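Please look over the structure shown below, and then follow this explanation, which goes through its parts one after another and turns to the places where they touch.

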Amino acid sequence: MIELSQVSKRFGDETAVDAISLKVPNGKFCALVGTSGCGKSTTLRMINRLIERSSGDIILDGQAIEAYDPVKLRRRIGYVIQSTGLFPHWTVARNIGLVPRLLKWSAEDVQARVEELMGLLGLPIEEFAHKYPHQLSGGQAQRVGVARALAADPDILLMDEPFGALDPITRVKLQDELAGLQARLHKTVVFVTHDMDEALKLADHLVVMRDGQIVQQGTPLALLQRPKDPFVESLLGGLERGLKQAALSRVKDHMSSLGPTLPSQYRIAADCSLRQALSVMLRDHTDRLTVVDQHDVPIGELSLRRVVKEAQLEKGATRDA
Amino acid sequence: MSLLDALPAPRLGRGSYPNVVLVSLSAVMLAAIWGLDAVSMAPNRIVQGTGAGVMEALGWPGALLASLLVLALGALAFRPNPTNYSAALGVVVLILALMPFGLMVAGHFLIDPALPQARLGIGAGYWVVLFVLLLCLIELRLRLALTRLWPMLILAGVGLLWWLCAWLWLGDLALVQEYRARDQQLIRAVGQHVVLVSVAVSISVVLGTLLALLMRRYARLQKGAFAILNFLQTIPSLALFGLLLAPLAWLSANVPVLAKLGVSGIGNTPALIALVAYSLLPMVRNTYIALEEVSADTLEAASAMGMRASQRFWQVRLPLALPVLLEGVRITTVQAIGLTAVAALIGAGGLGTFIFQGLGQAAMDMVLLGALPILILALLVDAALGALAEALRPGGVQ
């Protein structure tokens, strides 16, 4: 559990972060979103005390962060940055094993952990263990960065625009892998990004910041349905908000069972999002899709009417809540 | 990268550009062979020698061989490809290896055995060809993408051959005669030179690193220290030696302990002080810059992973700064090797002794005898420290 209450940071006369309060429960993924200079990175770096805050409290697992030695605190918190910050004079294996070595693990334990993490992040050991950072592609380097952050199995992971410098295809791939990792590892993650799609895709809890203040926070769905002001709305994609919301729902949660009518010749996988289903309908000029499982066996169907109605239902549901 | 990339090259045949650099260098060598004196001949040590062209020195077979080899080099450069470049490298090495034998032939033709004092000087043409061949070697190293080690090995081999020839058969050569007359003296001078440079550089490495570290800690010190070091660098070396003379002489006269330690107005003490003073600026500047220019992201990552300040310095900042830091040691050492020659004027010994004695006696070959080892020492240090810095770069490249 990470808890920030009334936290501010002033650099001289400039207020970078202005009295923000925020809670990230254990195992949850929190994304800080905003334009450049809105104070989101500063907020992140106050948590591992790379920057000391000017006022307010930051509480980690029930203890104020001043109670921890900053060095020991940082060894308990994974940290990933956009430029990777890998040590250019160390091999991939040595980079990943850094924090366990700092914690004085035995050489065998470090070795075993490095191999485990390289497996977890899809970096074949024979191919990558002895490479140097400059020999890696951007995506590979960032995988190493994530592996290094996870090395001592920290409960908390801080990520500062980790995929910001990658090409779109690699970025989406790494986002998917991070989502998969999070589903297995349940870390408490604070993730800074200016890419709203990335935030919507990964976060349980979304925090929109502007000029050092929190404008709005809540689940992605809640924000999409009720953006507080035009700034949040434009950040969420303006008119495309409906599509982004559809992207949050899975086809399998909204399909109806196979009816007596002839199934549609157009198919969609149950794991796809409603947004993808809409796209397929537009592409193939149809208002009905057959939903198939991973073995291509029909298991239900989805109609355009139903997609639209589901959106209405959800709107009603949040209104009631 | 090579010099060639800066020049527009005419297109010849199918996708083959002649290597303009090597072709022009060959032309220069050809011009030097035929246009300049190959050697000079003097009846004794003091008299100005009379020059002799390539036909007189080598006879027509030798002149023809030399010209053909140079032409072959130029021809190979017209169709550059790896095979031709390797062949060109072979030709360059062959010319280098044949050059001492050319001197032997010249000695045979030109030196009258009846004159025991007669001696052979190396002429402008010979020096130009030697210099241009070294340029060819650099160009070929870049073209063939060889490591620094290869030209060093080649030059070491060629140097050994030259040494052997000089030792066994080149008694007529003025340089060899000068050496034979004072070989013990020369070896001692090389020793003094090396010791002076090593001590001065060691002191400045320690002092320079300490100063750079202090400057990083106390920002105010930085401006003042750089101002003083820059000022020291502008004092002419001879003037600095002179300036140190009086205060050191006074100290040695009034403080017996210092006198016992060998401090005096002339000799090693002022030489060392001046050498260290000159060496500090490049040393401090490079050390400071090397430590400062380590990427801020990398250092922040080191902190964020939970490294303590000392771990961060020893495990990240210093190793990443080391190649640039060594560059500073290299510049400092090469500079000190040159400056130490001047220190001979205040009685510190070293190879400068030969240069200044030679100048005093108008014996140019004696000057050469002092200058050549300085040149070789500087090249050796340059190559060794350069290779070390290269080897310390992470993964070979950065």
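In chain A, the C-alpha centres of domain 1 and domain 2 lie 34 Å apart. The model is a predicted one, and the domain assignment of chain A gives domain 1 as residues 2-242 and domain 2 as residues 249-320. For chain A there is also a record to consult: UniProt, in an unreviewed entry, places the feature "domain: ABC transporter" at residues 2-236.

Side chains of opposite charge can pair when their charged atoms come close. The side chains of Glu161(A) and Lys40(A) meet in a salt bridge, with a distance of 3.8 Å from N to O. This pair links distant parts of the chain, since Glu161(A) sits in the loop between strand E7 (156-160) and helix H8 (168-185) of chain A, while Lys40(A) belongs to helix H1 (residues 40-47) of chain A, 121 residues apart. Over all chains, the structure holds 23 salt bridges.

Chain B is likewise divided, with domain 1 covering 3-181 and domain 2 covering 183-396, and the C-alpha centres of these two domains of chain B lie 34 Å apart. How do the two domains of chain B touch? On one side, 11 residues of domain 1 of chain B take part, and they are in contact with 16 residues of domain 2 of chain B. The size of an interface is often given as the accessible area lost when the parts come together. Between domain 1 and domain 2 of chain B, the buried area is about 1200 Å², and carbon and sulfur atoms give 65% of it. In domain 1 of chain B, the residues that lose the most area to domain 2 of chain B are Arg148(B), Leu175(B) and Tyr179(B), which together make up 46% of what that side buries.

Helix H6 (residues 174-181) of chain B gives the most to the side of domain 1 of chain B that touches domain 2 of chain B, with 6 residues. The residues of that side of domain 1 of chain B divide into 7 nonpolar, no polar and 4 charged.

**Where the chains meet**

The contact between the chains takes 20 residues from chain B and 24 residues from chain A. The area buried between chain B and chain A is about 1900 Å², with carbon and sulfur atoms giving 63% of it. Between chain B and chain A the count is 2 salt bridges, and the side chains of Asp69(A) and Arg308(B) meet in a salt bridge at 3.3 Å, N to O. The chains also share 7 residue pairs in polar contact, counted with both residues at pLDDT 80 or more.

On the side of chain B that touches chain A, helix H12 (296-304) and helix H13 (309-343) of chain B each supply at least two residues, and H12(B) gives the most, with 7 residues. The residues of this side of chain B divide into 10 nonpolar, 7 polar and 3 charged.

Technical notes: Residues are numbered from 1 along each chain as its sequence is written. Chains are lettered from A and ligands numbered from 1 in the order in which they are written. This is a predicted model: local features need pLDDT of at least 70, side-chain atom pairs count only at pLDDT 80 or more; totals for chains, interfaces and linings use all residues. Side-chain values use heavy atoms; hydrogens and water are left out. Domain bounds come from an automatic or database domain assignment. Contact means heavy atoms within 4.5 Å. Buried area is the accessible area (1.4 Å probe) that two parts lose on being put together, summed over both. Helices (H or I, at least four residues) and strands (E, at least two) are DSSP runs, numbered from the N terminus. Ala, Val, Leu, Ile, Met, Phe, Trp, Tyr, Cys and Pro count as nonpolar, Asp, Glu, Lys and Arg as charged, and the others, Gly among them, as polar. A salt bridge is a side-chain nitrogen of Lys or Arg within 4 Å of a carboxyl oxygen of Asp or Glu. A polar contact is a pair of N or O atoms within 3.5 Å; within protein, one must be able to donate a hydrogen and the other to accept it, and residues adjacent in sequence count only if both atoms are side-chain atoms. UniProt positions are given in the numbering used here, feature names are shortened, and annotations may be inferred rather than shown by experiment.
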